[in-house]
Amino acid sequence: MTFLTQNPTVTSLWEFLKNKDQIPQRVFTPPPARYGGRHTVTLIPGDGIGPELAHHVRELFRFCCVPVDFEVVNVDSSMASEDDINNAIMAIRRNGVALKGNIETNHNLPPSYKSRNSLLRTTLDLYANVMHCQSLPGVRTRHKNIDIMIIRENTEGEYSSLEHENVPGVVECLKIITKTKSLRIADYAFRAARATGRRRVTAVHKANIMKLADGLFLECCKEVASGYPEISFDSMIVDNTTMQLVSRPQQFDVMVMPNLYGNVVSNVCAGLVGGPGLVPGANYGEDYAVFETGTRNTGKSIANHNTANPTAMLLASCLLLDHVKLHAYASMIRRAILSTITETRLHTADLGGQGSTSEVVQSIMNAVQSTGPQTLSI
Amino acid sequence: TSPVQHETFPLRGTVTLIPGDGIGPEISSAVMKIFEAAKAPIRWEERNVTAIKGPGGRWMIPPDAKESMDRSKIGLKGPLKTPIAAGHPSMNLLLRKTFDLYANVRPCVSIEGYKTPYTDVNLVTIRENTEGEYSGIEHVIVDGVVQSIKLITEDASRRIAEYAFEYARNNQRTSVTAVHKANIMRMSDGLFLRKCREVAENYKDIKFTEMYLDTVCLNMVQDPTQFDVLVMPNLYGDILSDLCAGLIGGLGVTPSGNIGANGVAIFESVHGTAPDIAGLDMANPTALLLSAVMMLRHMGLHDYGNKIQTACFDTIRDKKVLTKDLGGNSKCSEFTAEICRRIQDMA
């Protein structure tokens with residue numbers, strides 16, 4: 001009932017019930033964790049290639065004199081207790097912003113062990129996962145001129161983790177779709193489209209089969225679309241979407257979808273523009289934002305080999321800088337990263353090159369040094 | 001058209017032919033012509049499939065179609081239209097329920113001559129077709145909250161896994177990959193995975209791997225050559241099989257087969273009825289033809305299957321006689337005649 005007490009425009013219970021299906025409006029915004037001009041950001045290294053990439057982010061930020069201090073919180077994925085992830089969540093509540101590596105989930109453990117990443121997203125209500133897939137000049141791919149923004153509902157749908165076995169040998173898994181969350185993500189998608197000047201939003205669904213669940217999602221999208229007349233809205237069934245993505249991905253602009261289809265479509269698009277090493281991802285909630293690589297891989301097989309592509313994590317840190325309004329630093333680092341990929345063409349193994357992670361980071365630092373303001377001497 | 005009879009060599013099999021709607025009849029007759037040119041020992045029994053209300057009020061397919069299929073065990077089906085708000089479920093769903101078609105098999109092989117950004121695709125998707133996310137069990141819990149139930153059972157998972165490994169063994173495939181999301185859906189996909197692992201124990205000659213759905217999607221669009229046979233539950237199968245069809249050129253060139261209990265198998269083209277070009281001799285019979293080739297291989301008639309497939313691929317590679325969707329401007333009958341000519345030259 002905090003919505004009632006915090007919202008001064010609601011005068012009675014009746015008015016609350018009348019408006020309950022509408023998107024609650026934010027009245028109170030927590031202050032940023034900024035003291036003495038420096039931001040504090042939670043850093044969760046994660047598993048696999050996470051720790052080494054986190055190290056490179058800190059190295060680069062220190063070099064560029066970015067006024068960000070990292071509060072490192074380690075989450076041990078092998079422990080059964082949820083204390084570690086709860087500590088991390090508390091740290092994110094404190095700081096408001098986080099940069100995160102993927103935490104491994106051993107899927108052979110019993111269902112009582114929930115995915116730590118999923119717990120983090122649902123507890124902090126990071127309802128929108130945004131991934132912007134763009135073709136980069138200098139990266140060789142089969143398709144060119146791709147520019148797709150994928151907005152994926154991040155907290156419900158198939159990821160509700162509600163499963164039971166009523167009869168031995170028969171397992172039921174519940175997929176939950178609610179009107180509130182569908183309206184919320186659709187509204188986010190249209191607002192983002194308007195803010196970035198994009199013209200078309202496509203809803204991805206399977207409402208011909210899941211008539212009630214995806215039908216509700218689609219209805220909510222249509223309802224929100226009516227409030228944005230300058231943006232054209234259409235829908236597409238998920239299997240046709242994947243077929244279109246591999247033949248003509250240039251036709252898509254903004255795509256909005258429930259959780260599982262978002263998983264599939266975002267991975268397909270990441271593969272189309274050059275792979276998991278290139279695309280950053282952002283998870284936005286009302287109060288918190290967590291940034292990570294777009295495709296959320298732990299990269300266990302290449303951990304500590306110095307071959308991982310740092311681009312995705314570094315671009316995610318640029319998204320973080322934009323979020324805390326350090327736009328100058330974000331642009332500077334982003335320009336340096338893109339020049340390393342497109343002009344210098346120093347590529348790691350996943351892009352077909354021979355460079356190591358540290359060489360790429362060094363090249364980025366050189367690029368920053370030559371164009372940016374004062375930095376530490378190398 | 002009357003069933004094709006051959007007196008010069010023994011019949012190997014009767015096939016129930018369901019021409020379907022729209023372009024269905026013309027592509028079916030194209031396939032029959034090509035089979036005649038190849039002298040394939042097949043007797044066709046044409047049947048129509050429409051939904052009729054049986055005793056007890058349940059929708060069913062016409063009894064003569066059911067009887068023919070139960071007898072012949074093999075079916076070839078063209079596209080069926082799904083009327084909206086007709087009051088009855090889709091025909092495809094009815095067929096699936098009637099014959100318990102539990103496995104949908106789609107071999108995706110790059111067609112030389114039909115250029116797509118992906119070359120050297122050679123994989124098979126095997127999709128569980130009866131349960132999973134498509135059980136159709138949905139409820140409105142309270143106003144604004146909907147739940148949809150995904151059902152995974154031990155029996156269905158074991159059955160599809162066994163079929164996948166048998167298929168791999170019979171078709172000289174080297175590995176089977178189970179596609180899942182057990183990190184999130186621990187119990188349901190976990191059950192599916194456990195059954196696959198159990199069945200893999202009996203097929204030590206085939207390599208078994210497991211991969212997350214998102215990793216498969218990511219790798220599939222970058223390098224599809226790393227995949228061989230993929231086995232998965234219903235929804236992932238739907239998405240991945242269409243993704244793979246997109247890699248080789250779309251539904252107009254993709255074959256598909258449905259395997260049922262009791263030895264029934266129905267092979268079909270998965271494209272739509274294309275009502276805008278129906279009757280205009282413009283349709284492309286490749287999808288139905290390749291499904292028919294799949295059917296011949298299923299019946300053990302590999303030589304005929306290879307002959308017809310080679311003729312079809314040679315025609316496409318030559319690029320002289322192609323239907324409009326393949327980039328040419330020939331008629332369906334001309335395309336068919338060209339394939340027949342090549343088969344006769346081969347003999």
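**Interface of chains A and B, and two sites within the chains**

Between chain A and chain B, 24 residue pairs are in polar contact, both residues at pLDDT 80 or more. A polar contact is a pair of N or O atoms within 3.5 Å; within protein, one must be able to donate a hydrogen and the other to accept it, and residues adjacent in sequence count only if both atoms are side-chain atoms. The elements that give two or more residues to the chain A side are β7 (157-167), β8 (170-178), α7 (213-225), α8 (238-247) and α9 (259-273). Helices (H or I, at least four residues) and strands (E, at least two) are DSSP runs, numbered from the N terminus.

This is a predicted model: local features need pLDDT of at least 70, side-chain atom pairs count only at pLDDT 80 or more, and totals for chains, interfaces and linings use all residues. Residues are numbered from 1 along each chain as its sequence is written, chains are lettered from A in the order in which they are written, and side-chain values use heavy atoms, with hydrogens and water left out.

The rule finds one salt bridge across the interface. K206(A) forms a salt bridge with D238(B), with the closest N and O atoms 2.7 Å apart. The criterion is a side-chain nitrogen of Lys or Arg within 4 Å of a carboxyl oxygen of Asp or Glu.

Chain A brings 57 residues to the contact and chain B brings 49. Contact means heavy atoms within 4.5 Å. The two chains bury about 4500 Å² between them, 64% of it on carbon and sulfur atoms. H107(A), R142(A) and M243(A) supply 15% of the area that chain A buries against chain B, more than any other three residues. Buried area is the accessible area (1.4 Å probe) that two parts lose on being put together, summed over both.

β8(A) pairs with β9(B), residues 145-153, in the antiparallel sense over nine bridges. Pairing requires at least two DSSP bridges between two strands. I176(A) stands opposite Q147(B).

Now to chain B itself. S157(B) is found in helix α4, residues 154-170. S157(B) is buried, with a relative accessible area of 1%. Buried means under 20% (1.4 Å probe, protein chains only). Not counting residues up to four places away in sequence, S157(B) touches E131(B), I152(B), F192(B) and K195(B). S157(B) and K195(B) lie 38 residues apart in sequence, yet 6.2 Å apart in space, C-alpha to C-alpha.

Last, a strand of chain A. Five of the five residues of β13(A), residues 289-293, are buried, so this strand is largely enclosed by the rest of the structure. β4(A), residues 97-100, runs parallel to β13(A), joined by three bridges. Here L99(A) has F291(A) as its bridge partner. β12(A), residues 280-284, runs antiparallel to β13(A), joined by five bridges. β12(A) and β13(A) form a hairpin with four residues between them.

How values were computed
Buried < 20%, exposed > 50% of the residue type's maximum accessible area, 1.4 Å probe, protein only.
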